[in-house]
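Hello,

Here is the structure I promised to pass on to you. Please open it alongside this note, and my findings follow below.

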Amino acid sequence: MKSSRNPVRGHSKPTFAELFTPKLVTVLREGYRLPQFQADLIAGLTVAIVALPLSMAVAISSGVSPDRGLFTAVIGGFLVSALGGSRFQIGGPAGAFIVLVAATAERHGIDGLLLATMMAGIFLVAIGYLRVGTYIKFIPYPVTVGFTAGIAVIIFASQIKELFGLTLTGKEPGELLPKLDALASAAGSVNPSAVLVAALTIGIIIGLKHIRPSWPGMLIAVGAAALATALLTLPVETIGTRYGGIPRILPAPALPAFSLEMAEAVLPDAIAFALLGAIESLLSAVVADGMTGRRHRSNCELVAQGFANIGSAVFGGICVTGTIARTATNVRAGAHGPVSGMLHALFLLLFMLIAAPLASYIPLAALAGVLAVVAWNMVEKNAFASLLRSSRGDAVVLLVTFGLVVFRDLTEGIVVGFALGSVLFIDRMAKSIAVETDVPLVGEDVADTENGGRTAYDPDQAGNAETVVYRISGAFFFGAASTVGTVLDRIADQRRNFILDCSAVPFLDSTAANVLEGAARKAQRSGVRFIITGASPQVRRTLINHGVKRPLVTYASSVKDALAQLGKREH
């Protein structure tokens, strides 16, 4: 019976069930006792306190009522932690989705938004089970930095109206430049009270971060702003005046309104939700891995994100994804495993039941101040500066991604940035390959060996003008194929024997195999004997599958063996 054990790594390939078993099950199997529960309880409460104002702020900025942000955090957050492939991931509404959600709600209404969210969840489940999540991790670092910085600019721009209490004559535009133009036109309607509330909120958050970093600065700041607004009867808009407060219970589950026409209309939005959700959640999981030394399972995490989005849509919520700030807070608060994320969702539900009436007093300017701080913290300023200095290629990828996200479209920024990053990688890999003669400039010292370890000197091999030996070093793929092909075409037709050493080629693709097949045919027409040496079993299999075999070429284990074959033939 053939074993599935890997002889190199010493372990068997994981089964489907093992790959998609939630981390919650793993943690419970390790042994979950009262100390672990206490740690998760404290961490869950801490994250819930942070998530409460953020969830409402993200929802309002996305063009929906604040209660939908809470529904998303409760249902989506619980499912992400219960089913996910990360021990510490916290799910909920995220600032990265503000522009997409707002645009979808404006074009298709709430029903269209809920349908797009559910469809995105189905796509994420499919992506996870098809194990495509492994490849999403290959997004270049400059793309993620540029994307995150672009999102931060968009979030801050979306809060200017509330930060200054501006009154616009028409609807606030979604695109950045028209938005700034409209806001500038309304500069005369600045509300000093709103500016004061926003400044108070931002000042408390920043101050507590430096003086008492363990305190829930955002919640304290929002509470202080609400108290000041109520006591001083400041003329600013609140959740109560605009939305009439928030409900104290979750709505009854219901499927979004469905029709083929609506599904077709929201399909692009659903794809954008799924793509952005996958990137954002896996990026958050990677951050948690870096903080804890653990390792998440990408595809299991995407499946959980998918079910969380489906569940959120059923309860009237918006898009769910892994949130970096709340996940980092969870880790710093001492979480032991996914139970903390589940408790965070239950605490948010408890806050809704108890404190819903108090939410009516929260000023919108205070929530705008919270998001302004979030936007500032999102920008990886040191990484942005270092990438601009590192290389021209990385700087171009960074700036193009950033520019497209800010001025065009989030999805377009990611796709174009990824494409540019891939081209840059291909260019660098293509330049790393070398084609050289088999005589190094400086050879390494090798000890003389006995008992047949060395062959006797053969004067016939000295200065053999009939044989040429070339070595290829590096990955031989489509990016380097044209370069190598040009070199091989320079083989002098008067040479009778051509040896190509592939012992330093770790990988070879179909384009490279086609180049070698063409070179072999040219050699055959010219009467040149073509020998390939040192090819690994994988490389040799690819070459043979593409016709690089007898009578075009012969194979040898090494250059020495090839020379020996030629010597026997001549004698």
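How many bridges join strand 4 to strand 5, and which way do the two run? There are six bridges between them, and the strands run parallel. Please keep in mind that this is a predicted model. Strand 4 covers residues 467-473, and because five of its seven residues are buried, it is largely enclosed by the rest of the structure. Strand 5 takes in residues 497-504.

The largest pocket has a volume of about 1500 Å³. It is lined by 50 residues, and the closest to its centre are Ile-324, Ala-325, Arg-326, Ala-328 and Arg-332. Among the elements that give two or more residues to this lining are helix 3 (34-61), helix 7 (141-164), helix 9 (192-211) and helix 14 (324-332). Helix 12 provides the largest share, with seven residues. By class, the lining of the largest pocket holds 35 nonpolar, nine polar and six charged residues.

The second largest pocket comes to about 1100 Å³ in volume. Of its 42 lining residues, Ala-102, Glu-172, Pro-173, Gly-174 and Lys-179 are the closest to the centre. The elements that contribute two or more residues here include helix 5 (98-129), helix 8 (176-185), helix 11 (239-243) and helix 18 (392-407). The largest share of this lining, eight residues, comes from helix 5. The lining of the second largest pocket divides into 23 nonpolar, seven polar and twelve charged residues.

Which residues of helix 9 are buried? They are Ser-193, Ala-194, Val-197, Ala-198, Thr-201, Ile-205 and Leu-208. These residues cover an arc of only 145 degrees around the axis, which means that they lie on the same side of helix 9. An α-helix has 3.6 residues a turn, so residues three or four places apart point the same way. Over on the other side of helix 9, Pro-192, Leu-196, His-210 and Ile-211 are exposed.

Best wishes

Note on methods: Residues numbered from 1 in each chain as written. Predicted model: local features only at pLDDT ≥ 70, side-chain atom pairs only at ≥ 80, totals over all residues. Heavy atoms only, no water. Buried < 20%, exposed > 50% of the residue type's maximum accessible area, 1.4 Å probe, protein only. Helix = DSSP H or I, 4+ residues; strand = E, 2+ residues; numbered from the N terminus. Pairing = 2+ DSSP bridges. 1 Å grid on protein atoms, 1.4 Å probe; cavity = no way out; pocket = protein on both sides within 12 Å on 5 of 7 lines; lining within 4 Å. Points joined across faces, edges and corners; volume = space filled by probe spheres on them. Nonpolar A, V, L, I, M, F, W, Y, C, P; charged D, E, K, R; others polar. Arc of directions from axis to C-beta.
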